[in-house]
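Please keep the viewer open as you read.

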Amino acid sequence: MSIAMAERAKLEALRARFGAAIRRADLPGNGRMFVTVDPAAIREICRHVFREMGARYVISIGADDRPFSGEFLVAHNFAFDGDGVLCGLLAHLPGDRPALDSISDVVPAANWAEREFRDLVGIEPMGHRYPKRLVLPDGWPEGVHPLRKDVSWDDVPKDFDEDLEFKFDEAPDGCVVVPFGPFHPTLDEPAHFRLYVEGEMVRGCEYRGFMAHRGIEKLAESVLSYNDIPMMAERICGICGCVHSVAYVQAVEDAAGVRVPERAEYIRTIMLEMERLHSHLLWVGLACHIVGFDTLFMQSFRIREPIMWMAERMTGNRKTYALCLVGGVRWDIAPETGAALRGVLDTLEKEWRGVVDAVTGDRNIQARTRGVGVAGPDLVKDVGLVGPVARASGVAIDCRRDHPYAAYGRVAFEVITERGGDVWSRIVVRMKEVFESIGIIRQCLDKMSPGPIQARVDDELPVGRMGLSSVEAPRGEAHHFLVTGEGNRPRRWRVRAPTYQNLQGVPAMIRDQQLADMTIALGSIDPCFSCTDRMETVDVRSGLRRTWTQEDLVRLLKKGGA
Amino acid sequence: MLKDLCRRMFGRSLWVYHANSGGCNGCDIEVLNVLTPYYDVERFGIKLVGSPRHADVMLCQGAAMRSTARALRRAYEAIPEPKLVFAIGSCACGGGIWHDSYSVIGPVEKIVPVNYYIPGCPPRPEAIIYGVAVAVGLVDKKTAPVQFKQAEFPIPRYHPSDLKSDGEVVVYEKLDRV
């Protein structure tokens, strides 16, 4: 079935079930669906799409559209992975009463997204079971919503209270609170977990993150222009930056109908895979470090370094490549650079086999990771886990195959899956994916032909169009939603990083596990807080400074979880 | 004087504590690179430690955020004297491209006193090693490690909202609040 037919079939199914509640539908025919629905029926429609039509939840977006239509806008995005369709369910809300039914009881994965638009746009998810503050700083006053159009990007409310402490929930009876973070010694970003611990067992946790929330979306909507934003998008995350800049430009191209030259698509694909290589090598190294196997940590960093040098040779920088513009790329790959890249890949493949043998042959690593941090297929579905975490649970989703972009439709590769759902399976998936990435880059180098690398974008981009783009980051699917706007900049841009969903699965993964396994369970999703974001370490009641750093936990587990 | 102090106190061993107050990870992984075989700063006695109580030096990455300012200040206070602070990367040095966003306070020097600045987005591992080596007196400095003060180097700054269009002429109004 072609994509256009699949779209039509989905729409007919929705019309047959909900009739007049489906108010309008746009089917551009490229695997995107925008269905405007009656806000009163949104909960039931989302439940039907999620549970009965088998869609995967992607993200919910709240937008302030009052200057243009006098209304607020909410979009719940779903993906039909088997058919290659990305679907946005849109609801228009009156400008004076922005509220709609929460869907997080029928779609648990929507929990954070709804709390986020409550914080930032001030749209109330009615009936949300846990409408606690998620994104804004602790001292930010209620009722000020920075993503509303009448608030400037540099407005800080006068009653911002710097000393206000975040109100954490009470720990359950019989549990002790172990604070974790926000500054971790092993080079993680700020994020704070309060673990509820009973003896050695973790019974639950509360997460207070979003400490690296930098207001990127607001800056894009109010200060920068279309071609400035890719440079900021890649600073969303220092590890998977290219993913975000590609996802952003693809969302603009999708909305405005810009066609990208073929060579530019190949170059984007190559750089995305380079990024996956260095990210997976980094992660396997860090995972070995967390379980106390420092030799492999050093080895994988030694193997990784030539990739960084190669990236510098190809783009001029080791990270933050400044590669993408709307309609193409800025750096071409010269023939001699391509030859050098092949040489780097050959060495990498050989040396990586050595690392894989060392890891798979090591009983200690397996003993530390098998059966730890298990996420079953049900959790994957409910929380919307993506990437290697989902694939390690046997759920074969991969945007590169399901929603092909750039040159992925023209290369052959395998989607690696494992059955275990535990940390060990995630290690295996990531290690095998390195070989697939090497294969993809080789195919791209073989197949790309000379040609232009930048499309001419002379006309002003059309206003008020919506674009969706999903890119498979090393950690999972990065999803960007964009509405084009006036003044050479988007009206709304929403970034959903893979960790945004994966982090929501962590409480379930660590429940009833040893405290010492917390670090590797958290590490196994390859958390990237800066992507997601965009505390407090003292036990207040006893006044005792009792910060459990990651290193303490590593030390503990080396002692056998004493 | 600072250099003498560094040479005397930290010449053979420099234990660093890493505090990312809200950066993008780019500087983190370059700092990590510095600790691994190719760059290997342990040969200079530089070691990453997990607790601020063990540290001589705090490495700051990322701009100062409203949500982490308090934690950053406490981490700084927990480091015993004498101590040094390095701001690594453009965000920590100057606030980065989001320096005036609603959730960002600005450069980390607004929260903790900074002794050395290593700019770059992200700075190369070589730059980080060079900065640290200058600080501990292993190499001669090529630039003077001075603290930047806005008052001594006034740079006119403009805010996009203050660009007023008057027919064909765009009027730049100098802004004091940046």
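## About the model

This is a predicted model, in which local features need pLDDT of at least 70 and side-chain atom pairs count only at pLDDT 80 or more, while totals for chains, interfaces and linings use all residues. Residues are numbered from 1 along each chain as its sequence is written, and chains are lettered from A and ligands numbered from 1 in the order in which they are written.

## Where the chains meet

Chain A brings 44 residues to the contact and chain B brings 40; two residues are in contact if their C-beta atoms, placed from the backbone, lie within 7 Å. On chain B, at least two residues each come from β1 (14–20), α2 (26–34), β2 (46–49) and α3 (69–78). Of these, α2(B) gives the most, with 7 residues. Helices (H or I, at least four residues) and strands (E, at least two) are DSSP runs, numbered from the N terminus.

The side of chain B that touches chain A holds 20 nonpolar, 16 polar and 4 charged residues. Here Ala, Val, Leu, Ile, Met, Phe, Trp, Tyr, Cys and Pro count as nonpolar, Asp, Glu, Lys and Arg as charged, and the others, Gly among them, as polar.

## A helix pair in chain A

Helices α7 (residues 241–256) and α8 (residues 262–290) of chain A pack with their axes 8 Å apart, at an angle of about 150 degrees. Axes are lines fitted to C-alpha atoms, for helices over the stretch in contact, and angles run from 0 to 180 degrees between N-to-C directions. α7(A) is therefore roughly antiparallel to α8(A), a term for angles over 145 degrees.

From α7(A), A:Cys242, A:Val243 and A:Val246 meet A:Arg268, A:Met271, A:Leu272 and A:Glu275 of α8(A). This contact divides into 5 nonpolar, no polar and 2 charged residues.

## The sheet beside it

Three strands of chain A form an open antiparallel sheet in the order β13-β14-β15; strands pair if DSSP finds at least two bridges between them. β13 (466–473) and β15 (492–496) of chain A are at the edges with a single partner strand each, so one side of each has no neighbour in the sheet.

Between β14 (residues 476–483) of chain A and β15(A) there are 5 bridges, and A:His479 has A:Arg496 as its bridge partner. α7(A) packs on this sheet, touching β13, β14 and β15 of chain A.

## One buried residue

Is A:Thr499 buried or exposed? A:Thr499, in helix α16 (residues 498–502) of chain A, is buried because 29 other C-beta atoms lie within 10 Å; the cut-off for buried is 20 or more, and exposed means 12 or fewer.

Terms used
Angles under 35 degrees count as roughly parallel, over 145 as roughly antiparallel, 65 to 115 as roughly perpendicular and the rest as oblique.
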